[in-house]
Amino acid sequence: MSDEFDPKMVEALVCPQTQATLRYDAENQELVSKQAGLAYPIRDGIPVMLVDEARVLD
């Protein structure tokens with residue numbers, strides 16, 4: 001099993017807060033919801049889709 005995130009997975013995921021589409025940020029290993037102003041971390045290749053774990057965007 002790989003610890004790398006499959007970018008194709010982003011097509012199946014939505015922001016849990018707004019249901020908006022997400023953008024994969026490979027550099028920061030995050031899934032970004034511009035609409036919610038949040039970035040969800042990807043840890044060990046697994047997106048952590050919890051609002052409590054998300055980083056607020058500047």
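Q: What share of the 58 residues in the chain is buried?
A: A residue is termed buried under 20% relative accessible area, exposed over 50% and partly exposed in between, with a 1.4 Å probe and protein chains only. In this chain, buried residues account for 34% of the 58. The model is a predicted one, in which local features need pLDDT of at least 70, side-chain atom pairs count only at pLDDT 80 or more, and totals for chains, interfaces and linings use all residues. Residues are numbered from 1 along each chain as its sequence is written, and side-chain values use heavy atoms, with hydrogens and water left out.

Q: Which elements does the chain contain, and in what order do they run?
A: Helices (H or I, at least four residues) and strands (E, at least two) are DSSP runs, numbered from the N terminus. Here there are zero helices and five strands, giving the order β-β-β-β-β from the N terminus on.

Q: Why is the chain described as being as compact as a globular protein of that length?
A: The radius of gyration is taken over C-alpha atoms, and the globule rule is 2.2 Å times the number of residues to the power 0.38. The chain has a radius of gyration of 10 Å, close to the 10 Å from the globule rule for 58 residues, so it is as compact as a globular protein of that length. Along the principal axes, its C-alpha atoms fill a box of roughly 30 × 20 × 20 Å.

Q: What percentage of contacts between residues at least 6 apart in sequence join residues at least 24 apart?
A: A contact means heavy atoms within 4.5 Å. Of the contacts between residues at least 6 apart in sequence, 23% join residues at least 24 apart.

Q: How many aromatic pairs does the structure hold?
A: Rings of Phe, Tyr and Trp (its six-membered ring) pair if their centres lie within 6.5 Å; planes under 30 degrees apart count as stacked, over 60 as edge-to-face and the rest as tilted. The structure holds one such pair. F5 and Y24 form it in a tilted arrangement, 4.9 Å centre to centre with 50° between the planes. The pair links distant parts of the chain, 19 residues apart: F5 lies in the segment before β1 (23-25), and Y24 in strand β1.

Q: Is F5 buried or exposed?
A: F5 counts as buried, at 3% relative accessibility.

Q: Where does Y40 lie?
A: Y40 belongs to strand β3 (residues 38-43) and is buried, with a relative accessible area of 0%. From C-alpha to C-alpha, Y40 and D25 are 9.9 Å apart in space, and 15 residues apart in sequence.
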